[in-house]
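Reader: I would like to learn how to read a protein model. Please take one feature at a time.

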Amino acid sequence: MTQKPIFIRHANQLITIKDSSTAPLKRQDMNELHIIEDGSVWLENGIIQAVGTDVEVSKLYKNRLAEADIIDATGKIVTPGLVDPHTHLVHAGSRENEFNMRLQGASYMEIMNAGGGIHSTTSATREATHEELFEQSYKRLNQFLLHGVTTVEAKSGYGLAWEHELKQLEVANSLNEKHPIDIVSTFMGAHAVPANYKETPEEFVDLVINEMIPKVAELGLAEFNDVFCERGVFTPEQSKRILEAGVKHGLLAKIHADEIEPYAGAELAAEVGAVSADHLLRVSDEGIQVMAEKNVIGVLLPGTAFFLMADFANGRKMIDAGVPIALSTDSNPGSSPTISLPFIMNLGCLKMGMTPAEVLVATTINAAHAIKRGHEVGSIEQGKKADITIFNVPNFYQLIYHYGMNHTDTVVKAGKLVVQNGRLL
């Protein structure tokens, strides 16, 4: 059945973030939102057809206004649908017991080395059926949608054995088919060394390279290949081999880099041509420089630092150095159990020195580029997918000013109204 056109009218601020579809924004360009006051947008056939002032757009469609569903955005802001470029969406189990351990002084790596952390979630995910993982992840996606998110990256990495990694990736692909949110899949078989390979980690690295990556590529289950490059997990040399193997099989490189300590992860990202380096709490000055030179996107995850009670990544320093920055929830059960990208935007300003404009860019167009979707989503421009979020605030400053609150009023996904008055339809 053909969808009716949607005409969003009279936005207090229509924030287009235009002219940014070919590359992520950097430096001062991250403060250029391109705001239209009394702005309107016409959506039809799942595509943005026209953008401008209400006078301009209503004049274009004056003979068709009666056909459209009208959304009155008076007193509100209209933005591109938010994009979350780093999540561990598909998993089972919960780790609130570790939260209490951390409050008593245990570190992330101490918990993981004691059999908790990633290993705990791996056990729960291995035990869960496809149907159980699908149901739990679908509910999480509903919450993302209610917070204005229309595109999500989802990593595997809680299987750490082929049959369970396969299950995670298949669930992600099923979710992409059946949930309104678009899911972009990343293979992360190298998320941790499984307990049964603790004494022989090289054997597991070879397993990922020689067996898992070729199968993922052959089955078309993921677009990206990620690795946790950290002392006690995978060394820079091992990480390089894993990422290069992925590239050989057509999987674009991503890397968990320099989260716990400086470990040359950012430098490796630049060397192998990674699309993004993520975390970067302990990135070196040299790492920042080479990321800027190679246009590697820095995906910063302030929710993780917040929840682990760690120092935050220096977003201000990276932006000023020319690194294109995106923001993400890192939604996962251990180090960032949240789905609130608006709260991450708050933290970007309050804890990483970013401006309100920069965090909007970082959660829209730059986040889209971090998962190779900048040509489709992340800005409100003619010809792009009709992914739109309306926030019930009069200006974008207020969206960030009210921390810890969800101002999402309306969400349109691919031209279909999916959230209205803050409720799922």
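Reader: Which residues does A274 touch, not counting residues up to four places away in sequence?

Author: Contact means heavy atoms within 4.5 Å. By that rule A274 touches A253, A269 and V296. Before going on, note that this is a predicted model, in which local features need pLDDT of at least 70 and side-chain atom pairs count only at pLDDT 80 or more, while totals for chains, interfaces and linings use all residues. Residues are numbered from 1 along each chain as its sequence is written, and side-chain values use heavy atoms, with hydrogens and water left out.

Reader: Where is A274 found, and is A274 buried or exposed?

Author: Helices (H or I, at least four residues) and strands (E, at least two) are DSSP runs, numbered from the N terminus. A274 is in the loop between α9 and β13. For burial, under 20% relative accessible area is buried, over 50% is exposed, and partly exposed is in between (1.4 Å probe, protein chains only). With a relative accessible area of 6%, A274 is buried. From A274 to A172 the separation is 102 residues in sequence and 22 Å in space, C-alpha to C-alpha.

Reader: Why is helix α9 described as largely enclosed by the rest of the structure?

Author: Helix α9 covers residues 265-272, and six of its eight residues are buried, so the rest of the structure largely encloses it. Those buried residues are G265, A266, L268, A269, A270 and V272. They pack against β11 (224-229), α8 (236-248), β12 (252-257), β13 (276-279) and α10 (285-294). Just after α9, G273 has a positive phi of about 75°.

Reader: How many residues of α13 are buried?

Author: Ten of the twelve residues of α13 are buried, so to read its surface is to read a mostly covered helix. Among the buried residues are L341, F343, C349 and M352. Now look at the two ends. A polar contact is a pair of N or O atoms within 3.5 Å; within protein, one must be able to donate a hydrogen and the other to accept it, and residues adjacent in sequence count only if both atoms are side-chain atoms. At the start of α13, a side-chain oxygen of S340 comes within 3.2 Å of the backbone nitrogen of F343. Just after α13, G353 takes a positive phi of about 75°.

Reader: What does the side chain of S336 reach?

Author: The side chain of S336 reaches the backbone oxygen of T329 at 2.7 Å. S336 sits in the loop between β15 (325-327) and α13 (341-352). Its relative accessible area is 2%, and S336 is buried. Leaving aside neighbours within four places in sequence, the contacts of S336 include G303, F307 and D330.

Reader: And H10: with which side chain does the side chain of H10 make a polar contact?

Author: The partner is the side chain of D54, at 3.5 Å. H10 belongs to strand β1 (residues 6-11) and counts as partly exposed, at 30% relative accessibility. H10 and I77 are 67 residues apart in sequence, yet 9.5 Å apart in space, C-alpha to C-alpha.

Reader: How many aromatic pairs does a search of the whole structure find?

Author: Rings of Phe, Tyr and Trp (its six-membered ring) pair if their centres lie within 6.5 Å; planes under 30 degrees apart count as stacked, over 60 as edge-to-face and the rest as tilted. The search of the whole structure finds eight aromatic pairs. The rings of F134 and Y138 have centres 5.7 Å apart and planes at 35°, so this pair is tilted. Both residues lie in helix α5 (residues 130-146), four residues apart, about one turn of the helix. F134 counts as buried, at 17% relative accessibility, whereas Y138 is partly exposed, at 27%. One aromatic cluster is formed by F7, W42 and Y61.

Reader: How many helices and strands does the chain have?

Author: The chain has 16 helices and 19 strands. Buried residues make up 60% of its 425 residues. The C-alpha atoms fill a box of roughly 70 × 45 × 45 Å, taken along the principal axes.
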